[in-house]
There are 2 protein chains.
Amino acid sequence: MSEEHVVRMAELKIDPAMLEAYRALLAEEIEASVALEEGVLSLSAVSLKDDPSTIRILEVYASSQAYEAHLKTPHFLKYKSETAGMVVSLTLIEVDPIMMRAKS
Amino acid sequence: MSEEHVVRMAELKIDPAMLEAYRALLAEEIEASVALEEGVLSLSAVSLKDDPSTIRILEVYASSQAYEAHLKTPHFLKYKSETAGMVVSLTLIEVDPIMMRAKS
């Protein structure tokens, strides 16, 4: 992990009636972001087993510039507009990385 | 993501007086687990900016067998015994993956 990395957690509550559609749009956005943007290092989205309409996303960007650039990409803007009516609440939780490791 | 994968989030509250020691032991355990265990696919630990003694860990194992094997490794047992007096609480949150992508 570089000191420059930006790491965030988001917690979202989704309208249960829209959950399947939301999950598909989120999955598409994550695949596009990591594939197409050099500065998006990882995106991990999970739902709580006890409450599947609660979703947590762990986001790792190479820098604050990479994060700002991500917000302007066509795939992010599409996700944002198409899911706007599905998201009941969105809480951003600022975090500091301690250690992050994955199989290459 | 395979259907077989086991994904969990843990939330820990650490004794603030022991936080630096705890972070070092956790970092060491994460590095060893991903380096040495084929079935440990990723481990990501972060602390909340607003409350650094609250730590969240996102864990991805190849299978439930891989997770069970992890619990018996020397590096995990060392971490567990050396941090036992530092952990105020540990909550395991069962989650289902939606999409997880990282740069290779």
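A word on method before the symmetry: copies are superposed by least squares on the C-alpha atoms of residues with pLDDT of at least 70 in both. Done that way, chain B is laid on chain A with an RMSD of 0.0 Å, by a turn of 180 degrees and a shift of 0.0 Å along the axis. That is the relation of a two-fold axis. Within chain B, the residue that comes closest to the rotation axis is Ser104(B), at 2.6 Å (C-alpha).

Some housekeeping. This is a predicted model, in which local features need pLDDT of at least 70 and side-chain atom pairs count only at pLDDT 80 or more, while totals for chains, interfaces and linings use all residues. Residues are numbered from 1 along each chain as its sequence is written, and chains are lettered from A and ligands numbered from 1 in the order in which they are written.

Now the single chain. Helices (H or I, at least four residues) and strands (E, at least two) are DSSP runs, numbered from the N terminus. Chain A has three helices and four strands, and from the N terminus on the order is β-α-β-β-α-α-β. Its C-alpha trace spans about 40 × 30 × 25 Å along the principal axes.

What share of chain A counts as buried? Taking buried as 20 or more other C-beta atoms within 10 Å of a residue's own, exposed as 12 or fewer, and partly exposed as in between, with C-beta atoms placed from the backbone, the figure is 26% of the 104 residues. Ala69(A), in helix H2 (residues 64-70) of chain A, counts as partly exposed because it has 17 C-beta neighbours inside 10 Å.

Next, strand pairing, which requires that DSSP finds at least two bridges between two strands. In chain B, E1(B) and E4(B) run antiparallel and are joined by seven bridges. Met9(B) stands opposite Ile93(B) there, and Lys13(B) has Ser89(B) as its bridge partner in E4(B). E1(B) also runs antiparallel to E3(B), with eight bridges; on that side Lys13(B) stands opposite Thr54(B).

Which strand of chain A pairs with E4(B)? Strand E2 (residues 40-48) of chain A does, in the antiparallel sense, over seven bridges. Val46(A) stands opposite Pro97(B), and Ala45(A) has Met99(B) as its bridge partner.

That brings us to the interface. Counting two residues as in contact if their C-beta atoms, placed from the backbone, lie within 7 Å, 31 residues of chain B are in contact with 32 residues of chain A. On the chain B side, the elements giving two or more residues are strand E1 (6-14), helix H1 (19-36), strand E2 (40-48), strand E3 (51-61) and strand E4 (87-102). E4(B) gives the largest share, ten residues. The copies meet through the same surface, because 100% of the interface residues of chain B are also interface residues in chain A.

Last, the core. A nonpolar core here is a set of buried Ala, Val, Leu, Ile, Met, Phe, Trp, Tyr and Cys residues joined through C-beta atoms within 7 Å. The largest one has 40 residues, and those with the most contacts inside it are Ala45(A), Ile55(A), Ala45(B) and Ile55(B). Leaving out residues up to four places away in sequence, Ala45(A) touches Leu26(A), Ile30(A), Ile55(A) and Ile57(A), together with Ile98(B) and Met99(B).
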